[in-house]
Amino acid sequence: MSLRVKYCFRAVLSLIIIISLQSALLAGPREVVKWSELDDHLAEKSVVIESMPVIDCPIGIDSESAEHLVCQVIENTFYKWKEYEFFTAAGETRLAIEMIKPEARLLSADEAQRLLNGSKLWERQAVDIPSTMTIRQAPLTPPKVKQPVYNASAFSRLGAMPEERSCVIGGEVLSSNSSSEKYSVMPPTPLRESVHATDDRVRVNSDYYIDRYPWKTICYLDFMVNGESYRGSGILISPYCLLTCGHNLWDQKLNVGSTSIKVTPAQHQDYQGGSIYEEFGTVSGLILEGNSIYLSNEGEWEYDYGVVKLGQSFPGVGSTFMPVEYDVRPAVGSTVHLAGYPGVVQNETNSYDMWYDYDRVVGYEGKDDRILLHMVDASGGQSGSPVFMSDASGTLRLIAIHVFGADQNNGACRIVSAMESTISGWMAYEPAYTNFSYVPYFSTNGNRWTGLALANYNNSGNSFKVEYYAANGSPLGSKQDSLAAYGQGLVVVAASGSEGWAKISSTAPLKGLALVGDPDDSNMYDMDLKDSLHRKFLFSQIASNRDWNSTVMICNPNSSVANITLKYYNIGGTHTLTATRQISRNGSGNYALYELFGYDFVCVDGTMVFESDQPVTAFLLYDNPRQNWRAGLSAVPVN
């Protein structure tokens, strides 16, 4: 093979790798977009900005007079805002917006346009089906349907109720005042969910696109109670938070929590008995939480809500989720929508598909009218299904959780402002990262690129976050994503700076390497992920002359400056030269040998030891510019 053919082959290989890595980037690394970046982000996505009926929010507005309270995760950032209604002479409604989070400020009309258009991103996000779609056969024996406690006195209970607090299922109350509570319960009387007159429900995957919104955030739940299998429904309102009803998570009769809960977004089936499609995979619940009133049996339908916290997100589901609006009280006769996973529906007795219907609101019951009564058809398995409706701009908003059925009507637990603190805390949840890896160097200078090839060699899913830092320690952005059990992913570094280092945090150990390539010189080298930090390293081979270069690359992922000492030993083992450097906190350093030991320094063999007063990690770039050879050599930890 000629030298020209070799170089051509290298160039093509580099191009293939670059295209593969860029495609992987488009397949779903979750970037956190800040409020200050949202305008540019909308432009980058070529979002056509819709005209919204908004005005500048007046200074001194009465915060208690807001008609709407909304929370939403937009591009992985949590937002909370209030909307105030104003009326023009023509009788048209205009909204003024006070943003509470991520920044407390009164929004101008332009800023309100930006926020409401960002809010609609969840409806616009491109369909992105992973190639590893799971297909399984439907079980012959259907799982049971969880039936909650029903007590008619719940609808006539008067008087003050205790504070609603988030509680880990099993009894631990997340409160600074109490670490645990025990619950006394009454025997349940089951109440079925009902179809009224004709069953009007529609199979979602046949009449709608199951992989679009809102369908791809509506989930099938599979869980166990005392060794028996049950089913239910829920909706993702953030990457790691599935909102559902409390009785899917806590058995008030047995006084026990559900176990082995599994969450599957957009599950569908073409017909009863057919294969079940799991477009986005299935994730096991990490933590189940309800609220203290429901778990103590002080309240029932009005407090029948809870959350499944996930250990990983779903690649392809997206990064903006349905807005949650509090205290919505639709007028009787208004239309509400509902979708979930009934077992018995139409002429099927064991469906594993998503079904949708809409109908009218018929009234309210319960304490403070927190039970919304509706005529939307539902049956067992749809408990926990989202109840949603359109706002003035046509955006769908989640307003209630379906919890029961009766002969005259079905009922949903309204989402009210008394829940806001609890639900907001759930929406902001991220799994704890307990494993860390480091990439001492990345570069995106010119046409150069850096890609991270990550492998999850674990029997469960793995969420991870990549954080980029400049040499001076300044943050350069971050990305989040998840990997399936034994799955693999590629992330192209897209930091806001052209050079630096990266920290990878994950919920389980990751294996992998970083690839740095430059198509201009058809060259590429790699370095393993560093999963530990040390104070002393050995480079077993170095060189510095007219043919060879050696560059030491060190990162300091600490909150204080690292003082480095580098010592050169010749081939005979004699220590001849020493150099010192300082690396900023959360910073990095790149040092060619001639920069460390002087421009007249020449060696063709030898070793180098470096010591640090902070635990750090490093590698050495070993290259021959004349032959266009390049390799990354690991720094070997030594005692």
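**Strand pairing in a predicted model**

Tyr84 stands opposite Ala96 in strand S4. This is a predicted model, in which local features need pLDDT of at least 70, side-chain atom pairs count only at pLDDT 80 or more, and totals for chains, interfaces and linings use all residues. Residues are numbered from 1 along each chain as its sequence is written, and side-chain values use heavy atoms, with hydrogens and water left out. Strands here are DSSP runs (E, at least two residues), numbered from the N terminus. Two strands pair if DSSP finds at least two bridges between them.

- Strand S3 covers residues 77–87 and is mostly covered: eight of its 11 residues are buried (under 20% relative accessible area, 1.4 Å probe, protein chains only).
- S3 runs antiparallel to strand S4 (residues 93–101), and eight bridges join them.
- Five residues lie between the strands in the S3 and S4 hairpin, where Gly91 has a positive phi near 85 degrees.
- Strand S2 (residues 68–74) also runs antiparallel to S3, through seven bridges.
- The hairpin of S2 and S3 has two residues between its strands, and Glu75 in the turn takes a positive phi of about 50 degrees.

**The four-stranded sheet**

- Four strands form an open sheet in the order S31-S28-S33-S34, with antiparallel pairing.
- Strands S31 (488–492) and S34 (523–528) are the edges, each pairing on one side only.
- Neighbouring strands of this sheet are turned by 20 degrees against each other on average, direction ignored (axes are lines fitted to C-alpha atoms; angles run from 0 to 180 degrees between N-to-C directions).
- Strand S33 (residues 511–518) and S34 run antiparallel, joined by six bridges.
- Val516 faces Tyr525 of S34 across the pairing.

Methods: Buried < 20%, exposed > 50% of the residue type's maximum accessible area, 1.4 Å probe, protein only.
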